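Colleague: Before I rely on this structure, I should like to understand the reasoning behind its descriptions. May we go through them together?

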Amino acid sequence: MTTNRLARLLNLVPYLVARPGGVPIHEIAADFGVDAEQVQADLTMLWMCGLPGYGPGDLIDIAFDADAVRVLFAAGMDRPVRLAAHEALALSVALRVLADTPGVGDRGAIASALDKLAAAAGEAPADVTVRDTVTDPQAEKYAALVASGHAARITYYSAHRDTTSERVVDPIEIVVAEGHAYLRAWCRTAGEIRQFRIDRIDACTELDEPSEPLRLTNQPAPTAFLASELPRIELLLGAGAKGVSDSYPCEEVVGEPDGRRRVVMRVRDLDWARRFVLGLGGEAEVVAPAELRESVRQTARSALDRYAPAA
């Protein structure tokens with residue numbers, strides 16, 4: 001069933017109840033912007049709708065008299081659907097959070113939806129303070145950079161290495177995690193997709209050339225990097241590996257009581273993940289999958305064996 005038809009069915013019964021003398025089918029069709037055949041099909045469907053039990057006395061009862069339609073039993077649908085206060089509140093909070101998220105295109109549509117929501121609820125939902133999803137004031141600037149379709153030259157401070165570098169990037173999108181906004185882009189210097197925390201970008205110059213991350217590689221579209229079919233790994237990271245969550249897209253980052261971070265992320269393949277974990281040395285422990293954990297263990301053991309004294 002299409003959204004338009006569902007909306008029409010929900011409004012058709014209150015429309016008829018408000019006209020107890022009956023309404024000709026052609027007039028119904030004109031008021032709802034459909035033809036008479038569609039109205040008849042809608043009325044036939046309404047005959048099969050009603051209250052739980054769905055027996056005689058439970059279903060909507062509609063009568064046709066001299067080509068006019070009347071509702072004999074509305075099954076509670078005698079007025080337009082209204083939201084309960086808690087439903088209106090939940091939708092309102094979700095829309096307000098969405099409006100605060102960088103990169104959302106049509107803020108006017110969100111504001112319009114909030115106004116309509118208030119009208120549909122029938123009363124103003126309880127006022128709830130929504131904490132800002134992102135506190136970085138530069139988030140909108142970089143959202144505009146993504147929308148421009150241009151590459152950019154940035155000066156970026158890496159907290160992990162305590163160094164500042166200049167690089168050219170091809171912006172892809174703005175992402176939000178743990179209250180920070182990140183510019184996700186193809187980094188031409190690193191030759192791979194990276195995330196740059198916006199409050200650590202010291203300078204940014206938009207270039208007069210298109211952002212074409214796929215031109216620099218033969219890889220699939222960048223959105224596939226987080227696709228559900230890619231392998232999912234879970235790591236425990238020490239303080240020396242805190243830069244991982246800044247430089248790589250993570251699905252989940254959780255602090256542990258011992259000071260480490262539990263990180264869930266998607267990777268290209270488990271062989272890449274093995275090399276990645278080994279590169280972090282003792283700062284990373286594989287939690288899952290077991291296949292990756294065993295592969296890292298075997299590779300590390302083989303390396304240690306090379307240093308064993310000769311028999």
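Colleague: Let us begin with confidence. What is the average pLDDT of the protein?

Modeller: The protein averages a pLDDT of 76, and 76% of the residues score at least 70. Among the elements, strand S4 (residues 150-158) has the highest mean, 90, while helix H5 (residues 107-121) has the lowest, 69.

Colleague: Where does pLDDT stay under 50?

Modeller: That occurs over residues 215-228, for which the model has 27 contacts beyond four places in sequence. Where pLDDT is low, the predicted coordinates should not be read in detail.

Colleague: Why is Ser211 called buried?

Modeller: The relative accessible area of Ser211 is 17%. Buried means under 20%, so Ser211 is classed as buried.

Colleague: Where does Ser211 lie, and what does its side chain reach?

Modeller: Ser211 is placed in the loop between strand S8 (201-210) and strand S9 (232-237). Its side chain reaches the backbone oxygen of Pro171 at 3.1 Å. Setting aside residues up to four places away in sequence, Ser211 touches Gly149, His150, Ala151, Asp170 and Pro171.

Colleague: Turning to the cysteines, how many disulfides does the structure hold?

Modeller: The structure holds 0 disulfides.

Colleague: What makes Cys187 buried or exposed?

Modeller: Cys187 has a relative accessibility of 0%. The cut-off for buried is under 20%, so Cys187 counts as buried.

Colleague: And how is Cys49 classed, and why?

Modeller: Cys49 has a relative accessible area of 29%. Since exposed requires over 50% and buried under 20%, Cys49 is therefore partly exposed.

Colleague: Finally, why is Glu294 placed in its accessibility class?

Modeller: Glu294 stands at 33% relative accessibility. That value lies between the cut-offs of 20% and 50%, so Glu294 counts as partly exposed. Glu294 belongs to helix H9 (residues 290-305). Glu294 and Arg274 are 20 residues apart in sequence, and their C-alpha atoms are 9.6 Å apart in space.

Technical notes. Residues are numbered from 1 along each chain as its sequence is written. This is a predicted model: local features need pLDDT of at least 70, side-chain atom pairs count only at pLDDT 80 or more; totals for chains, interfaces and linings use all residues. Side-chain values use heavy atoms; hydrogens and water are left out. Helices (H or I, at least four residues) and strands (E, at least two) are DSSP runs, numbered from the N terminus. Buried means under 20% relative accessible area, exposed over 50%, partly exposed in between (1.4 Å probe, protein chains only). A polar contact is a pair of N or O atoms within 3.5 Å; within protein, one must be able to donate a hydrogen and the other to accept it, and residues adjacent in sequence count only if both atoms are side-chain atoms. Contact means heavy atoms within 4.5 Å. pLDDT is the predictor's confidence in each residue, from 0 to 100. A disulfide is a pair of cysteine sulfur atoms within 2.5 Å.
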